[in-house]
Amino acid sequence: MLLALYPQLTLWATRGSDWNGAYAYNDIDEVAYAAYLQALIEGRPRRNDPYTGRDDRPGSPQPESLFSIQFIPPYALALTARALNLSGPVMMIVLACLAALAATLALFWLISMVTGDARQGASGALVVLCLGALACGQGAILQLAAGGVAYPYFPFLRRYLPAVPFPVFFIFCGLVWRLMQSETKRARYALAVGASAAFAVLVYSYFYLWTTAAAWLGCLTLMLLLAKPDGWRQSLKGFAVTGALALAALLPYSVLLSHRATTMDSVQLLTLTHAPDPFRPPELIGLVVFASLALAARRGLVSWTDRATLCAASLALTPVLVFNQQTITGRSLQPIHYEVFIANYVALLACVLAARQLRGALKRARLPRHTLAYVALLAFSWGLVEARITSGVLDEQNVIRDEAMPVNRRLAELAKESAAAGGEAHPVVLATNLIQGDELPVAGPPALLWARHLHVFSGAGWEESKERFYQHLYYAGADDRWLEWELNNRDFVVVIALFGWGRNHDRLTTHSAPLTQREIIEEVDQFSAYITSFDRERAANPTLSYVVAYTQGAPDFSNLDRWYERDAGEQLGKFTLYRVRLKSE
């Protein structure tokens with residue numbers, strides 16, 4: 001919990017009495033989740049887009065998005081927030097603590113059960129959680145060993161995904177373990193129902209967690225069939241019940257997917273491929289663990305009929321399966337999310353459980369009394385290193401987000417006043433500072449002309465999102481020479497806006513391809529033509545109501561002023577809020 005609060009403590013220390021209520025984010029994508037959460041707190045429908053302001057309503061249905069399909073975590077948080085009269089930012093702060101606590105306790109419970117040692121459960125939980133970024137080659141090690149950017153912060157704490165359902169994954173594993181250990185039919189079936197309920201929660205929470213859970217159950221089932229320990233038939237019957245109920249939970253899920261936005265597959269970088277992906281760090285860790293167990297079994301030091309050995313081995317093989325399932329299915333979906341958010345933790349859990357089993361290789365010699373305490377201390381010390389180095393990457397952005405809170409709250413007030421008076425409920429805002437704009441929906445109902453996370457929701461298709469970005473650049477005074485410079489220097493915001501995430505990061509898809517000079521030239525020419533052909537019809541679609549810019553160093557609004565009348569502006573902290581009105585023809 002202390003490590004989870006570290007970024008927030010840093011923000012509080014930096015801002016002091018000037019703190020405006022912002023939560024410190026650990027990952028830039030958290031802002032999209034916080035925006036959707038705030039929309040639900042305000043009572044907007046499940047299928048809503050907090051960036052365009054478009055909601056599902058009669059006569060204007062909205063397609064499903066990843067946010068509306070993975071609805072259990074945000075609704076659990078939103079209903080709690082409503083009951084306690086809390087805002088989205090406050091819930092995000094509270095969630096950081098509770099997610100860390102729940103994950104640690106879930107792992108402690110699972111490891112203690114499998115190993116029969118509460119001390120190993122305590123130290124093992126810290127090992128798994130504190131070394132998660134290290135196990136996938138991300139985080140602090142990137143900066144310390146390679147001089148790269150230390151990102152992300154503890155991945156499992158990204159709010160609200162995977163932070164909320166992350167402990168449920170290990171609860172699922174624990175229930176399956178108890179099912180294997182159970183001696184009565186009634187207990188096995190009760191545990192099967194409980195495990196399938198946990199699986200259903202994962203299905204409607206986070207894709208990468210439920211698919212990993214399914215992969216692990218498949219690996220464990222196969223190993224039971226091969227090893228045939230005592231009572232394996234009864235265990236398989238319990239697995240069959242769990243699997244049948246899990247399939248039932250997937251039926252409504254498939255219906256929701258069938259109504260997904262047409263752009264969702266491309267935005268999420270669904271790739272059609274059968275190419276193997278064998279060299280991810282969690283895979284390598286898992287293979288080392290499995291090979292160690294196999295060697296020990298060959299020498300008679302461990303037994304394959306020991307369920308704890310099977311559990312550790314199946315967990316070790318799970319990363320190999322999730323990273324290479326596309327060799328059979330032909331579909332790969334951003335495998336880096338397995339690498340960062342779950343497979344790394346599964347591989348570390350396999351290490352912890354295998355370490356207990358491999359003590360037999362030392363003739364079951366007892367460990368020195370304080371060994372596990374030292375292991376826990378070392379893991380927590382590395383966690384402190386991770387916290388200090390990785391949180392620093394976003395410290396400046398968190399300060400900007402906090403400085404933007406007054407103007408964002410003011411816009412939320414104006415939007416609510418407008419809706420109460422029968423006007424526009426989601427007035428469109430041009431936010432020239434992209435960090436402030438991305439954060440705006442977290443404060444309330446205004447919509448954005450364009451924001452960094454606009455394309456991840458279903459309200460605007462890819463082409464509309466791209467044109468909104470052009471319009472944003474035009475109003476902010478950018479020209480074709482500016483765009484050419486930014487693309488040649490691979491500015492990640494510009495590349496993502498115009499070409500998608502897959503062209504910015506070579507680890508998001510197996511078919512990554514860098515931008516070519518020809519593509520850059522063609523894009524610059526298109527933007528130049530857009531500027532030349534800009535007219536009042538484009539200026540009115542969408543029609544702006546407000547503009548926000550830094551008071552000092554505001555952009556050149558010459559293009560904006562051709563089509564809109566601006567008032568004198570209202571200064572709120574470091575930002576100035578302008579009310580604008582489209583000029584008559």
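Student: With which side chain does the side chain of Glu64 make a polar contact of 2.8 Å?

Tutor: This is a predicted model, in which local features need pLDDT of at least 70 and side-chain atom pairs count only at pLDDT 80 or more, while totals for chains, interfaces and linings use all residues. Residues are numbered from 1 along each chain as its sequence is written, and side-chain values use heavy atoms, with hydrogens and water left out. A polar contact is a pair of N or O atoms within 3.5 Å; within protein, one must be able to donate a hydrogen and the other to accept it, and residues adjacent in sequence count only if both atoms are side-chain atoms. At 2.8 Å, the partner of the Glu64 side chain is the side chain of Arg46.

Student: Which side chain is joined to that of Glu64 by a polar contact of 2.6 Å?

Tutor: Glu64 is located in the loop between strand S2 (54–55) and helix H3 (66–69), where helices (H or I, at least four residues) and strands (E, at least two) are DSSP runs numbered from the N terminus. The polar contact of 2.6 Å links the side chain of Glu64 to that of Ser68.

Student: Is Glu64 buried or exposed?

Tutor: Buried means under 20% relative accessible area, exposed over 50%, and partly exposed in between (1.4 Å probe, protein chains only). Glu64 has a relative accessible area of 2%, so the residue is buried.

Student: How many aromatic pairs does a search of the whole structure find?

Tutor: Rings of Phe, Tyr and Trp (its six-membered ring) pair if their centres lie within 6.5 Å; planes under 30 degrees apart count as stacked, over 60 as edge-to-face and the rest as tilted. For the whole structure, the number of aromatic pairs is 38.

Student: What is the class of the pair formed by the rings of Tyr36 and Phe67?

Tutor: Tyr36 in helix H2 (residues 30–41) and Phe67 in helix H3 are 31 residues apart, and their pair links distant parts of the chain. Tyr36 is buried at a relative accessible area of 0%, and Phe67 is buried at 8%. The ring centres are 5.7 Å apart and the planes stand at 45°, so the pair is tilted.

Student: Over the face of which residue does Arg401 lie?

Tutor: A charge sits over a ring if NZ of Lys or CZ of Arg is within 6 Å of the ring centre and within 35 degrees of the ring normal. Arg401 is 4.5 Å from the ring centre of Tyr23.

Student: At what angle do helix H8 and helix H11 pack?

Tutor: Axes are lines fitted to C-alpha atoms, for helices over the stretch in contact, and angles run from 0 to 180 degrees between N-to-C directions. The contact (heavy atoms within 4.5 Å) involves residues including Phe172 of H8 and Phe239 of H11. Helix H8 (residues 166–181) and helix H11 (residues 232–258) have their axes 9 Å apart, and the packing angle is about 145°.
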